[in-house]
Amino acid sequence: MKKIAILGSTGSIGTQTLEIVRDNSDLQVVALAAGSNVELMEKQVREFKPRLVSLQSEAACKDLADRLKDMQVTIVPGMDGLIQIAEMEESDILVTAIVGMIGIRPTIAAIKKGKDIALANKETLVTAGHIIMPLAAQMGVSILPVDSEHSAIFQSMQGEKKEQVSKLLITASGGPFRGRTREQLADIRVEDALKHPNWSMGSKITIDSATMMNKGLEVIEARWLFDVPLEKIQVVVHPQSILHSAVEYMDSSVIGQMGNPDM
């Protein structure tokens, strides 16, 4: 039985992780954390029965506690809750799917406890890759990329020698504004930026994708995750989003992962 803890359980990655748990009887959820979605968290706790739960604010935690009076669950707010979840003795792997640099401290805490990390929080490596990756190597911990682009690269490198890698090819759809002129971009609204053509994601990542900022963050993340220099990472605009990402080797062969986007 693989026991998992999830940071960001009410978001896109978190809910998809729980779908996988539903379909696999050898997975068990021992802890959940989220921001402020009390209603969805209540449903998740009742279904998956974690021992420890965290929400961002004390008020949200109090509301959740009132809703769950009939259940035995510990609820801890804020960063204290995230750290407690990260350090849980019962868990084998920590899924980090919360947004922003708030994911750094719990990720470090989990690594120090010898937990494998399923990483879907790119800010952790963008801002602290120089800390996270050496620490993971020191502790013998695996950092497993969850996002489609980095997961595709990770899988395309299995069984291959890293020194044979010529470049990493990270694909980008171009977002909702690909091909528009400066004049056409003058009157865009937030609602327009949130209409990603291929992927269903959280609002922050969708906005970052519309500006292509998200792809810049992914390049930095890939640099730390795969220990390659920036000059060996190339972004390829691929509007169909069929090729999630690929690896080109010294012999000019290319191995990639393909699949239909989720919209």
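I count a salt bridge when a side-chain nitrogen of Lys or Arg is within 4 Å of a carboxyl oxygen of Asp or Glu. The model I am reading is predicted.

**Entry: salt bridges**

I looked up aspartate 147 and found a salt bridge to lysine 122, with the closest N and O atoms 3.5 Å apart. Aspartate 147 lies in the loop between β7 and α7, and lysine 122 is in helix α6, so the pair ties together parts 25 residues apart in sequence. Are these two residues buried or exposed? Both aspartate 147 and lysine 122 are buried.

I searched the whole structure and got 16 salt bridges. Glutamate 90 pairs with arginine 51 at 2.7 Å. That pair links distant parts of the chain, 39 residues apart. Glutamate 90 is partly exposed at 30% relative accessibility, and arginine 51 is partly exposed at 44%.

Within helix α3, I noted aspartate 66 and lysine 62, 4 residues apart, about one turn of the helix. Their side chains meet in a salt bridge at 3.5 Å, N to O. Lysine 62 counts as exposed at 56%.

**Entry: helix α5**

How many residues of α5 are buried? I find 7 of its 9. Among them are Ile104, Pro106 and Ile111. Their cover includes β1, α4 and α6. Just after α5, glycine 114 takes a positive phi of about 80°.

**Entry: rings and surface**

I found 0 aromatic pairs. The charged end of arginine 223 does sit over the ring of tryptophan 224, 4.0 Å from its centre.

On the surface, Met212, Val235 and Val237 form a nonpolar patch with about 210 Å² of accessible area together. Valine 237 belongs to strand β9.

Key. Residues numbered from 1 in each chain as written. Predicted model: local features only at pLDDT ≥ 70, side-chain atom pairs only at ≥ 80, totals over all residues. Heavy atoms only, no water. Phe/Tyr/Trp six-rings, centres within 6.5 Å; stacked < 30°, edge-to-face > 60°. Lys NZ or Arg CZ within 6 Å of the ring centre and 35° of its normal. Buried < 20%, exposed > 50% of the residue type's maximum accessible area, 1.4 Å probe, protein only. Helix = DSSP H or I, 4+ residues; strand = E, 2+ residues; numbered from the N terminus. Contact = heavy atoms within 4.5 Å. Patch = residues over 30% accessible without salt bridge, like charges linked within 9 Å, V, L, I, M, F, W, Y side chains within 5 Å. Areas by Shrake-Rupley, 256 points an atom, 1.4 Å probe, with all protein chains shown as cover.
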